[in-house]
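Please walk through the model below from the local geometry of single residues up to the chain as a whole. The cut-offs behind each term are given where the term comes up.

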Amino acid sequence: MKKETRESLQVGSALGMLALGMALTVAGFIVSPLGEIHESVLGLFAECLIYAGSIFGVAIYAHNKYAEIKTYVEKRMSASQN
């Protein structure tokens, strides 16, 4: 699997989980008893947020580490050429 495909799949699944969590939360308001959200709906919404946050957090962390390594290697290569 290509890196771009994997990242697109991760972002898509994270956004899908956020959309599902928001939809369930809204649905919790419109079913009886009106205006009350059951704790199981809130728990599921929290899990959706945690999943999405972990996907975005891991992707950002990996991207930053890659950039740090790339900068380090470029500096070392330019220093060794001089």
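E39 sits in helix α2; helices (H or I, at least four residues) and strands (E, at least two) are DSSP runs, numbered from the N terminus. E39 counts as exposed because its relative accessibility is 65%, where buried means under 20% relative accessible area, exposed over 50%, and partly exposed in between (1.4 Å probe, protein chains only). E39 and G28 are eleven residues apart in sequence, and their C-alpha atoms are 9.8 Å apart in space. This is a predicted model, in which local features need pLDDT of at least 70 and side-chain atom pairs count only at pLDDT 80 or more, while totals for chains, interfaces and linings use all residues. Residues are numbered from 1 along each chain as its sequence is written, and side-chain values use heavy atoms, with hydrogens and water left out.

H38 belongs to the loop between α1 and α2. H38 is also exposed, at 52% relative accessibility. In general, most peptide bonds are trans.

Further along, A46 is found in helix α2. A relative accessibility of 34% makes A46 partly exposed. A46 and G21 lie 25 residues apart in sequence, with a C-alpha to C-alpha distance of 8.0 Å.

How many salt bridges does the rule give? The count comes to one salt bridge, defined as a side-chain nitrogen of Lys or Arg within 4 Å of a carboxyl oxygen of Asp or Glu. K65 forms a salt bridge with E68, and the closest N and O atoms are 3.4 Å apart. K65 and E68 are separated by about one helical turn, because they are three residues apart in helix α2. K65 is partly exposed, with a relative accessible area of 34%, and E68 is partly exposed, at 48%.

Next comes the largest pocket. A pocket is an open set of points on a 1 Å grid over the protein atoms alone, where a 1.4 Å probe fits, with protein on both sides within 12 Å along at least five of seven lines; lining residues have an atom within 4 Å of a point. The largest pocket has a volume of about 210 Å³, a volume being the space filled by probe spheres set on the points. The lining consists of K3, R6, E7, Q10, V58, A59, I60, A62, H63 and Y66. The elements that give two or more residues to this lining are α1 and α2, and α2 gives the most, with six residues. By class, the lining has five nonpolar, two polar and three charged residues; Ala, Val, Leu, Ile, Met, Phe, Trp, Tyr, Cys and Pro count as nonpolar, Asp, Glu, Lys and Arg as charged, and the others, Gly among them, as polar.

The chain as a whole has two helices and zero strands. Its radius of gyration is 21 Å, well over the 12 Å that the globule rule gives for 82 residues, so the chain is more spread out than a compact globule. This radius is taken over C-alpha atoms, and the globule rule is 2.2 Å times the number of residues to the power 0.38. The C-alpha trace spans about 75 × 25 × 15 Å along its principal axes. Of the 82 residues in the chain, 9% are buried.
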